[in-house]
Amino acid sequence: MPTEIALEPTVRITQEQIDFFHANGFLSVPAISTPEEIERLKAIYDRLFESKAGREEGNQFDLGGSDEDGKQAVLPQILNPKKYAPELEEGLFRVNAMAISKQLLGEEATAKGEHAIFKPARFGAATPWHQDNAYWGPDHDHCSLSVWMPLQPATLENGCMQFVPGSHTWEILPHHCINNDPRVHGLELDHPEKYTAGAVACPLPPGGATFHLNKTLHYAGPNRSDIPRRAYILGFGLAAKKRETPHDFYWNRQKQTPREERAQAFQKKISAC
Ligand SMILES: O=C(O)CCC(=O)C(=O)O
């Protein structure tokens, strides 16, 4: 039997980059992968979206629209893509993302889930301004980050990431479902114009990555280009801490999404087997 050789990280960030991250709540790194790996990931990524992997389970859905069957999604998302393509477990991107996350958060940081957000050419919608923490359970405090890696150049035209420097130190701000439609899973910050004046855009080459904290305000524009915009996102974090008083994330209680209905129907189906 051949012995598998574990990949070693190929990137280490400097103290200056670590300080920048903690001062601003985000960091841009030019390469965590290789062109060969990006080509391999792109083929898997396209296969998963085209085959609607995870849809029945509620893990593939339209983050930005009402998510009806047969309607083209404006912001297709897959949660936990590696469940549908175990070959995604392997890769330098993952090893480098983890190593840099440990430099930023500490050695105790562990993997906290992953997802993929696709913006079809000339069609993909904006991902509105939000804080990731606004999606999560209200009874814990989190210290985590997301590693956002594009599989083609990420530009202002196709929807690169944009961040508000320093917003990671703010409270979790009020959000609502996109278009105030409770069928839409995606969240949008209330009155973004009040908070986003100093936003910074982070264009990247394929296989580069941005790192941002759980309260950093961020946005990615619509895809107005002729090429699809593919992003793969890995989460890392420390253990969440139970709060004495839970947050009131009323925006999540108002949701009634087809994604959740599919997830519940799927659970019922498998528990009946
Ligand atoms: O890919 C996008 O359009 C947005 C990604 C995002 O919001 C995130 O990674 O937290």
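Student: In this model, how far does a polar side-chain atom of Trp148 lie from an oxygen atom of the ligand?

Tutor: The model is predicted. Trp148 is among the residues that surround the ligand. A polar side-chain atom of Trp148 is placed from a ligand oxygen atom at 2.8 Å.

Student: What share of the ligand's area does the protein bury?

Tutor: Start with the ligand taken alone, which exposes 290 Å². With the protein in place, the buried share of that area is 97%.

Student: Which residue has a polar side-chain atom 2.5 Å from an oxygen atom of the ligand?

Tutor: His218 also has a polar side-chain atom by a ligand oxygen, but at 2.9 Å. The value of 2.5 Å belongs to Thr127.

Student: Which elements give two or more residues to the shell around the ligand?

Tutor: The ligand takes up the space of the largest pocket. Its shell includes Ile117, Thr127, His218 and Arg229. The elements that give two or more residues are strands E4 (110-119), E5 (127-130), E13 (218-220) and E14 (229-237).

Student: How many residues of the shell around the ligand are charged?

Tutor: Sort the shell by class. Five residues are nonpolar and four are polar. Lys119, Asp132 and Arg229 are among the surrounding residues, and Asp, Lys and Arg count as charged. The charged residues number three.

Student: Is Glu57 buried or exposed?

Tutor: Glu57 sits in the loop between helix H2 (35-50) and strand E2 (60-62). Its relative accessible area is 17%. The cut-off is under 20%, so Glu57 is buried.

Student: Which side chain makes a polar contact with the side chain of Glu57?

Tutor: Look at the side chain of this loop residue. The contact spans 2.4 Å, and the partner is Lys83.

Conventions: Residues numbered from 1 in each chain as written. Predicted model: local features only at pLDDT ≥ 70, side-chain atom pairs only at ≥ 80, totals over all residues. Heavy atoms only, no water. Near = heavy atom within 4 Å. Polar contact = N/O pair within 3.5 Å; in protein donor to acceptor, adjacent residues only side chain to side chain. Areas by Shrake-Rupley, 256 points an atom, 1.4 Å probe, with all protein chains shown as cover. 1 Å grid on protein atoms, 1.4 Å probe; cavity = no way out; pocket = protein on both sides within 12 Å on 5 of 7 lines; lining within 4 Å. Sits in = over half its atoms within 2 Å of the grid points. Helix = DSSP H or I, 4+ residues; strand = E, 2+ residues; numbered from the N terminus. Buried < 20%, exposed > 50% of the residue type's maximum accessible area, 1.4 Å probe, protein only.
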